[in-house]
Amino acid sequence: MGLRPNLLTRRTAGVATSTLALLLSTAAVGVVPAASAFSAAPAGVCAEPADAHADARVAKGGHAKLDPNHLTAKQVRDREADLAAAQRERANFRTGAVAPLATVTIPVVVHVIQENSTRAGGNIPDSLITQQISVLNQAYAGSTGGAATAFSFQLTKINRVTNASWYPIVQGSSAERSMKTSLREGGKNTLNMYLGELSDGLLGWATFPKRTLDKMDGVVVLNESLPGGSATNYNQGDTGTHEIGHWLNLYHTFQGGCSGSGDSVSDTPAEASPAYECPTGRDTCSTTGKDPITNFMDYTYDSCMYQFTAGQASRMLTAWNAYRAA
Ligand SMILES: [Zn+2]
């Protein structure tokens, strides 16, 4: 699978925790049947046969169907136009004022949503959260093998909330809105992470940046996807890495398929559809380059994904200065 040595070190360190045996014996996260994974995909979005990934990331199969970060072509055009407008707005505002930032430390507020005080009820230990922050810092520094980005992460608060009506966290629900409206902290530069069991077998979802602060802003991540968690193949913390990529304005590497501007990043080869597991050598588009299956913005196993590209790093910093910088 081509894991790099330093990645193996990181992964091994995560797996060596004394809690692993316990975690492996806990209940698995929700499983979505293969047949439902894609059959209800909206028009223009990931129109694949229902059984295309029957043996793939189906445990989290609701992801591609329901992932709010999987956009239509029109949504991408609108977002790109908005980014350009936000950049113009900032450029005018900045004339003679503060220069755009080149490095950014993001304060992180983690909300642990619990149904009760048990592990199955969402009570994950602080150690998983600190390991998650460490995984983020390695990923965004490029130390797992990709391009270095401008971003680092600083945990500022762990907020534990027991509220059975918010558990599991249901994507797009009034309960999700209520939860975020009640709990979100900080300005546009503050990353709010909500951890819990999730609806529909999802691993996570995120909001893209907007020009005005919205209480819904933040990322939602499956609690057991944190490093050392029980979500087999997705428990090395890269769901967090992936969702924060969206929060920083990245699309999926398979956005737009083989045609057009794809993910609006020039150095990620086009990809017809999401890659699952770790399909080394996969090449779904006739354009140059094999599929970027090791990119954090694909759907492969955590053990398979380890990099952002320089183009993604640049896109994230551009978006930060347009949307999230003070
Ligand atoms: Zn995504």
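This report walks through a predicted model, from its overall layout to its cores and its zinc site.

Because the model is predicted, local features need pLDDT of at least 70 and side-chain atom pairs count only at pLDDT 80 or more, while totals for chains, interfaces and linings use all residues. Residues are numbered from 1 along each chain as its sequence is written, and side-chain values use heavy atoms, with hydrogens and water left out.

**The chain as a whole**

The chain holds 9 helices and 5 strands; these are DSSP runs numbered from the N terminus, with helices (H or I) of at least four residues and strands (E) of at least two. Along the sequence they follow the pattern α-α-α-α-α-β-α-β-α-β-β-β-α-α. Of the 326 residues, 52% are buried, where buried means under 20% relative accessible area, exposed over 50% and partly exposed in between (1.4 Å probe, protein chains only). The chain exposes about 13000 Å², and carbon and sulfur atoms supply 57% of that area, computed by the Shrake-Rupley method with a 1.4 Å probe; for residues, only the protein chains shown count as cover. Among contacts (heavy atoms within 4.5 Å) between residues at least 6 apart in sequence, 72% join residues at least 24 apart.

**Strands 1 and 2**

Strand 1 and strand 2 run parallel and are joined by 11 bridges; two strands pair if DSSP finds at least two bridges between them. One of the bridge pairs is V109 with K157 in strand 2.

**Two nonpolar cores**

A nonpolar core is a set of buried Ala, Val, Leu, Ile, Met, Phe, Trp, Tyr and Cys residues joined through side-chain atoms within 4.5 Å. The largest one has 33 residues, and Y140, F151, F153 and I244 make the most contacts inside it. Elements that each supply at least two of its residues include strand 1 (104-114), strand 2 (151-162) and helix 8 (238-247). Helix 6 gives the largest share, 6 residues. Apart from this core lies another of 21 residues, among them W166, L202, L222 and I293.

F151, in strand 2, is buried at 3% relative accessible area. Beyond four places in sequence, F151 is in contact with V104, I106, Y140, L248, M316, L317 and W320.

How many residues of helix 8 are buried? The count is 10 of 10, so the helix is largely enclosed by the rest of the structure. Helix 8 is followed by N249, whose phi is positive, near 90 degrees.

The zinc ion has three histidine donors, H242, H246 and H252, each through NE2, at 2.0 to 2.2 Å. Donors are N, O and S atoms within 2.8 Å of the metal (3.2 Å for Na, K and Ca); water is not among the atoms, so sites may look incomplete. Their spacing in sequence is H-x3-H-x5-H. H242 lies in helix 8 and H252 in the loop between helix 8 and helix 9, so the pair ties together parts 10 residues apart in sequence.

| Residue | Relative accessible area |
|---|---|
| H242 | 4% |
| H252 | 0% |
| F151 | 3% |
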